[in-house]
Amino acid sequence: TDKKGNAITTLTKDDFELYHDGERREITNFRLYTNESIRQQIAEQNQSDDITTPAQSNDASAGPIPIHMVIYIDNENLNPLDRNRVLRQTRDFVRTNLHPPAQMMVVAYQRSFQVLQEFTSDPSQVLKALRVVRTYTGGRTERDSSRRDSVDRIQRLQSANRAGSSRSSMSGPSGGNADWNEIYNLIDNYAKESVNNLQFTLDSLRQIITSLTGLPGKKGVIYVSNGLPMIPGMELFYEASKGMNDSTILTRMFEFDQSRIYKQLAATANAQDVSLYTIDAAGLSLEGMGSAQYATAADPMMSSIGRNNYTDSLRYLADETGGIAIYNTNDIGPRLELVTQDMFTYYSIGYPLQASGQDKGHRIKIKLRDDPEFSDYELRYRPRFVEKSLETRIQDRVVSSLVFEIDENPMGLEITAGTPTAATSDRWLLPAHLSFPIKNVALLPEGNDFVARVVLFIAARDTGGKRSDLVRQEHEIRVPEDLYEEAQNKNFGIDTQLLMESGRYKISIALLDPLTRQVSYQTISTPVHPKK
């Protein structure tokens, strides 16, 4: 892009240099995609739907890649007024950009996440889900009120000290002054509560990211909140340090540094090829303005520290995953246009990779060739990716099939669910029967038998979006030599039981034959004594 963020669409393969783990690699695949070219290709494909054509190879000429975009509304960390303003502007973005090959999903988070709209290319369905979000309460208002109360108390105590009040002294938490000790404890408790809330918030976001793992094409999450603290309580510790004239308080602040979990979330997103587009709904901030909410005008430096503490995390997540951060603006429309550009306008660059067969992270660096003409250009790309083993790729697709249909069943896998039975006071055992033709797996001679070994991968997700851990099971198929021919016309059955809470579930199962590397995927939906 240029300085203003506009896409540069005049570059060629020879203008780029690509480095894999520090080693320069030859670029062998190269193509430019734009919104116009994608729409034209989709139109041409639609016109030829009724015409029988030879199968196309899986390369760039086969057409634009799919786009899966999640609109994630974090109500737990949003002010409702800010949220509704952002959603009004987001509606135009949806109307304009939701067309094949793009699909969008709407997720709302409030203590737990809820999928309000599964992936669809129908703008009306997405807009309907966004209207539902406007009815949710926001969790940020209460926490902001607690933070304002602490700042107000600090400022009032400072004013009393400046006036020479006999009740207060400038001693710190260990100095024995009851007023300052009470404030310090309030800040400490606020920081601890914020850390707990943040961990739940990022865990839910991580679940959505991992659910996209097996989906093809470009994947992104548009995350909307009033920001997330990099160091919970940071601005309060600074205020208290200034008020008490005690810099040692700041050492306590760094015990709450959460940068590590943001790095882990970014690494998870990169491993799943997901870009994060973060929107700070708080909008334009005017630092240091006086307010009736506080005893005195806010300190500009403290206001800046507090504001940056909540936006640094959003910028970091966007930068590390090749996305875009939208902050410090009341009009997000122009920045959403850059997200549109990101979705539909890009260079597809490929190079040979010698597969290791293991889960392995790699570093990518892309440069433009040395040319003064390119000096103001900016490159944005995901700087890391994870090469995945066969089993990891299968697990990814099992998780993805809980939210996206995967039609791939070469081994003829069939699943039936039985009647749940009580396991504990609040959990049930759901029996499930799996079967597939024995002829579809590789049987090898072993003594007087023919033996095959298969691996099952099982995961479940309820209608509220809560997902189980993925379960891996190994099973052996042993056929006596004299029954081999007869077995070729029979099915092999596996019975298993799934421990589940009450609810309505989608269950996804993959069957792997490690010898042939053939995989089948199947899903079923079933109730497990759902509560009325």
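## Close-up views of a predicted model

**View 1. Asp-15 and Arg-369 pair up in a salt bridge, with their closest N and O atoms 2.7 Å apart.** This is a predicted model, so take the distances here as computed from it. Asp-15 sits in the segment before S1, while Arg-369 belongs to the loop between strand S11 (360–368) and strand S12 (384–387), so the pair ties together parts that are 354 residues apart in sequence. What about exposure? Asp-15 counts as buried, because its relative accessibility is 7% and the cut-off for buried is under 20%. Arg-369, with a relative accessible area of 32%, is partly exposed. Over the whole structure, a search turns up 26 salt bridges.

**View 2. Glu-408 reaches Arg-397 in a salt bridge, the closest N and O atoms being 2.6 Å apart.** Here Arg-397 is in helix H11 (390–400) and Glu-408 in the loop between that helix and strand S13 (414–417), so the link joins parts 11 residues apart in sequence. Glu-408 is partly exposed, at a relative accessible area of 32%. Arg-397 is partly exposed too, at 25% relative accessibility.

**View 3. Glu-474 and Arg-472 meet through their side chains in a salt bridge (2.7 Å, N to O).** Glu-474 counts as exposed, at 56% relative accessibility, and Arg-472 as partly exposed, at 39%. Elsewhere, salt bridges with shared partners tie Glu-446, Asp-449, Arg-453, Glu-476 and Arg-478 into one network.

**View 4. Six strands line up as an open sheet in the order S6-S5-S4-S7-S8-S9, with mixed pairing.** The edges go to strand S6 (112–120) and strand S9 (325–326); each has a single partner strand, so one side of each is left without a neighbour in the sheet. Helix H3 (residues 123–133) packs on the sheet and touches strand S4 (67–74), strand S5 (102–110) and S6. The direction of H3 makes about 160 degrees with that of S6. Now zoom in on one pair of strands: S7 (residues 218–225) and S8 (residues 274–280) run in the parallel sense and pair over seven bridges. Ile-222 stands opposite Tyr-277 in S8.

**View 5. Leu-430 takes its place in strand S15 (residues 427–437).** Is Leu-430 buried or exposed? Leu-430 is buried, with a relative accessible area of 0%. Setting aside neighbours within four places in sequence, its contacts include Ala-417, Gly-418 and Pro-420, as well as Thr-496, Gln-497 and Leu-498. Met-500, Ile-507, Thr-526 and Val-528 are also among the residues that Leu-430 touches.

View 6. Which elements mark the two ends of the confidence range? Helix H4 (residues 140–162) has the lowest confidence, at a mean of 75, and strand S1 (residues 16–20) the highest, at 97. Two stretches call for some care when you look at the model. Over residues 51–61 the pLDDT stays under 50, and the model gives this stretch six contacts beyond four places in sequence. Residues 166–171 also have a pLDDT below 50, with 17 contacts in the model beyond near neighbours in sequence.

Terms used. Residues numbered from 1 in each chain as written. Predicted model: local features only at pLDDT ≥ 70, side-chain atom pairs only at ≥ 80, totals over all residues. Heavy atoms only, no water. Pairing = 2+ DSSP bridges. Helix = DSSP H or I, 4+ residues; strand = E, 2+ residues; numbered from the N terminus. Contact = heavy atoms within 4.5 Å. Axes fitted to C-alpha atoms, helices over the stretch in contact; angles between N-to-C directions. Buried < 20%, exposed > 50% of the residue type's maximum accessible area, 1.4 Å probe, protein only. pLDDT = per-residue confidence, 0-100. Salt bridge = Lys/Arg side-chain N within 4 Å of Asp/Glu carboxyl O.
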